[in-house]
Amino acid sequence: MAWFKRKEKGITTPTEEKKDVPKGLWYKSPTGKIVDTEELAKNLWVSPEDDFHVRIGSAEYFQILFDDNEFTELDAKMTSKDPLKFEDTKKYKDRLKDVMDKTKLKDAVRTAVGKSKGKDLVVACMDFAFIGGSMGAVVGEKIARAIDYSIKNKVPFLMISKSGGARMMEAALSLMQLAKTSAKLAQLAEAKIPYISLCTDPTTGGTTASYAMLGDINIGEPGALIGFAGPRVVKDTTGKDLPEGFQTSEFLLEHGFLDFIVHRKELKDRVNLYIDLIENNEIR
C-alpha cells in the first residue's frame, strides 16, 4: 500500500487561500533552462545557465551603457505619419496607435546622449517590440539627427541594431532611409568621429544593408541572427545548400563580416576601449 493516499477527490483549497504566481517570474531560454527573472536582470539579461543573450530593448541597453543610467533623450516625441494611407489587415495609423499604447514607445528607435565611463557618448538603439524594429521615416530621421548631434558636439556614435528590416507600410519612404543614414555616416567619417555598430538579434533587411555594416568597428552579440534575406530566399537565389548557422554572429566573425563578438557583460568596457583606441586616447 502506498504511503500516501488521497482521501478526497478534487482540489479543496478555498479560493482566498490560493496563491497567484506573478507573470514573468521565470524565464525559459531556448535551450530549456529556467531562470528567475530578477536573477536574469542582475546578469544583464543573459541566462547564467547557458549564456543565452535574451532580446532586450533601448531601456535596458541605456541602463547598461550610460553611467548611473543618466542620459538625455534626443527627439523623444517624434512619431510616424501615414502619408500613403496604407491599410492591410488594419490601417497603418491604427497599428501605430496600438503599438504605441502597448509598448509606451514612440517608434522603433530611441536616441540619447550621456556619460559612458565618464565621457559623452551618443547611442541610437532600436526596439524590436515596435513593429519588429522596422525602419521607417522616423527611424531614419532620428538616427540622422543623432549623427548630426555627434558631428556638432564631436561625440562618438554607437548604433545598436535590432530590426526585421524596412517598414513596408511606408514603401519607398522607408527604403530612402538606407541612403539617408548612409550619407550621414559618411559625414561622420569625414569629421573623424568614431562610429561603433553593434548588431543584436535579429539584424536583418535594410538595416544590414545600410548603417549596421558601416561602422568603423562592427561587433555582434553572441548567437545573434544577422543577415539580409532569410535562408529560404538566399537558397532560392543562389541555388546552393547553405551551411548550418550561416547567419549567426559566430559564422560571420569567422568569415570577416564582423570584427568582434562582445558579451553583454563586457559591452560598456569594450565599446569605450574601441573608442579610446580610434581616438588615440588614454585607455579608460
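**Close-up views of a predicted chain**

**View 1. Lys104 sits in the loop between helix H3 (92-103) and strand E4.** Helices (H or I, at least four residues) and strands (E, at least two) are DSSP runs, numbered from the N terminus. Phi of Lys104 is near 65°, a positive value in a residue other than glycine. Lys104 counts as exposed, at 70% relative accessibility. Buried means under 20% relative accessible area, exposed over 50%, and partly exposed in between, with a 1.4 Å probe and protein chains only. This is a predicted model: local features need pLDDT of at least 70, side-chain atom pairs count only at pLDDT 80 or more, and totals for chains, interfaces and linings use all residues. Residues are numbered from 1 along each chain as its sequence is written, and side-chain values use heavy atoms, with hydrogens and water left out.

**View 2. Asp68 lies in the loop between H2 and E3.** Asp68 is not a glycine, yet its phi is positive, about 55°. Its relative accessibility is 67%, so Asp68 counts as exposed.

**View 3. An open sheet is built from seven strands.** Their order is E3-E4-E5-E6-E7-E8-E9, and the pairing is mixed. Two strands pair if DSSP finds at least two bridges between them. Strand E3 (71-74) and strand E9 (260-261) stand at the edges. Each has a single partner strand, so one side of each is left without a neighbour in the sheet. Helix H2 (residues 58-65) packs on this sheet. H2 touches E3, strand E4 (109-116), strand E5 (119-126), strand E6 (157-163) and strand E7 (195-203). Contact means heavy atoms within 4.5 Å. The direction of H2 makes about 10° with that of E4. Axes are lines fitted to C-alpha atoms, for helices over the stretch in contact, and angles run from 0 to 180 degrees between N-to-C directions.

**View 4. Strand E8 (residues 217-220) is joined to E9 by two bridges.** E8 and E9 run parallel. Ile219 has Phe260 of E9 as its bridge partner. Gly220 stands opposite Ile261 in E9. E7 and E8 also pair in the parallel sense, over four bridges. Here Cys199 stands opposite Gly220 in E8. Both faces of E8 are covered. Ile217 and Ile219 are buried on one side, Asn218 and Gly220 on the other.

**View 5. A cis peptide bond joins Asp201 and Pro202.** Omega is about -5°. Pro202 belongs to strand E7.

**View 6. Leu25, Trp26 and Ile34 form a nonpolar patch on the surface.** Together they have about 310 Å² of accessible area. Ile34 is in strand E2 (residues 34-36). Patches are made of residues with over 30% relative accessible area and no salt bridge; nonpolar side chains (Val, Leu, Ile, Met, Phe, Trp, Tyr) are joined within 5 Å, like charges within 9 Å. A salt bridge is a side-chain nitrogen of Lys or Arg within 4 Å of a carboxyl oxygen of Asp or Glu. Accessible areas come from the Shrake-Rupley method with a 1.4 Å probe; for residues, only the protein chains shown count as cover.

**View 7. The chain has eight helices and nine strands.** Its C-alpha trace spans about 85 × 50 × 45 Å along its principal axes. Of its 284 residues, 43% count as buried. The accessible surface comes to about 15900 Å², and 54% of this belongs to carbon and sulfur atoms.
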